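Hello,

Here is the structure I promised to pass on to you. Have a look at it first, and then read my notes below.

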Amino acid sequence: MRVQEGGTGAPLLVLLHGLGATGDVWEGWRPLLARRWPGRWIAPDLPGHGGSPPLARYTFDGFAAAVAAVIKPGVPTTVLGHSLGGVVGLALASGQFPVSMQAVIGLGIKTVWTDEELDRAQAFAGRPPAWFAARDEAVARYLRVAGLTGLLPADDPAVAAGLVEQDGQWRLAMDPGTFGVGAPDMGRLLAQSQAPVTLARGEHDPMNTDEQQAQLGVRTVTLPGLGHNAHVENPELSITLLDGPPTGDDDEDCTLDQKGIR
């Protein structure tokens, strides 16, 4: 598994990207983590993404098992995962893996799926990788699939990490089969979690709503002015999710601004 890392000691922070992306999307967090996180952090490429090998079959537990394999047992661990990565974080907290989970933060998780959406995802999962004669075409496809259009320039290292070149042609590094993971059973995942859970979303995220998250019975946070990839749009605001709830407000919904929770 390809893993980027920084910092030293404990606690450990695990940053998990969303479907189609790579661990490189956390690049803008590096200087912030150096100031704000007291221990070590890692940002792996999930299986079937970037430089990590594919799985024969994709499940949330399968993703979680791969991540657990690069976490040393007994180290206090917080997971902040975006979209798919947030669901993987919840699976890691289920007690099935030798990970000492302290907290799980799921950012931008899509919690409600229609049959049509699931059918489209399954259809995409069954397609062979698409090859492009021009890198620009592959870049445009990668940015669209990862939801990063308009957020990263074509020459960003995070874009390069999401592409593969062979014999003058280009394709996405992502295994299309990852789209077959399906919809998460949020009720079960939240009930099984051995650590406190926060669900966060950008105010303008089309993948979910405040009302959908509020129904799940855990602490929720809304990041004003941001969309689905809030962690890329505004690392400075998104990293405040690591600060946790203010004293006495553990079960309340919050809105964050540039100065923190309000």
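**A buried asparagine, and what else turned up**

Asn 208 is buried, with a relative accessible area of 2%. Please keep in mind as you read that this is a predicted model.

Where does Asn 208 sit in the chain? Its place is the loop that runs between β8 (197-202) and α8 (210-214). Setting aside the neighbours within four places in sequence, Asn 208 is in contact with Gly 108, Ile 109, Lys 110 and Arg 201. The side chain of Asn 208 has a polar atom 3.1 Å from the backbone oxygen of Ile 109. That side chain also makes a polar contact of 3.2 Å with the side chain of Asp 205. As for Thr 220, it is 12 residues from Asn 208 in sequence, and the two are 12 Å apart in space, C-alpha to C-alpha.

Lys 110, one of the residues in contact with Asn 208, also lies over the face of Trp 113, at 5.2 Å from the ring centre. There is another such arrangement to look at: Arg 135 lies over the face of Trp 170, at 5.5 Å from the ring centre.

Next, the aromatic rings. How many aromatic pairs does a search of the whole structure find? The search finds 3. Among them is the pair of Trp 26 and Trp 29, which is edge-to-face, with 5.0 Å centre to centre and 85° between the planes. Both Trp 26 and Trp 29 are buried.

Phe 124 and Phe 179 form a tilted pair, 4.3 Å centre to centre with 50° between the planes. This pair links distant parts of the chain: Phe 124 belongs to helix α4 (residues 115-125), while Phe 179 is in the loop between β7 (169-172) and α7 (186-192), 55 residues apart.

Finally, do take a look at helix α5. Which residues of helix α5 (residues 135-145) are buried? They are Ala 138, Val 139, Arg 141, Tyr 142 and Leu 143. These buried residues pack against α4, α6 (157-161), β6 (163-166) and β7. Just after α5, Gly 147 takes a positive phi of about 70°.

Enjoy exploring it, and write back with any questions.

Best wishes

How values were computed: Residues are numbered from 1 along each chain as its sequence is written. This is a predicted model: local features need pLDDT of at least 70, side-chain atom pairs count only at pLDDT 80 or more; totals for chains, interfaces and linings use all residues. Side-chain values use heavy atoms; hydrogens and water are left out. Rings of Phe, Tyr and Trp (its six-membered ring) pair if their centres lie within 6.5 Å; planes under 30 degrees apart count as stacked, over 60 as edge-to-face and the rest as tilted. Buried means under 20% relative accessible area, exposed over 50%, partly exposed in between (1.4 Å probe, protein chains only). Helices (H or I, at least four residues) and strands (E, at least two) are DSSP runs, numbered from the N terminus. A charge sits over a ring if NZ of Lys or CZ of Arg is within 6 Å of the ring centre and within 35 degrees of the ring normal. Contact means heavy atoms within 4.5 Å. A polar contact is a pair of N or O atoms within 3.5 Å; within protein, one must be able to donate a hydrogen and the other to accept it, and residues adjacent in sequence count only if both atoms are side-chain atoms.
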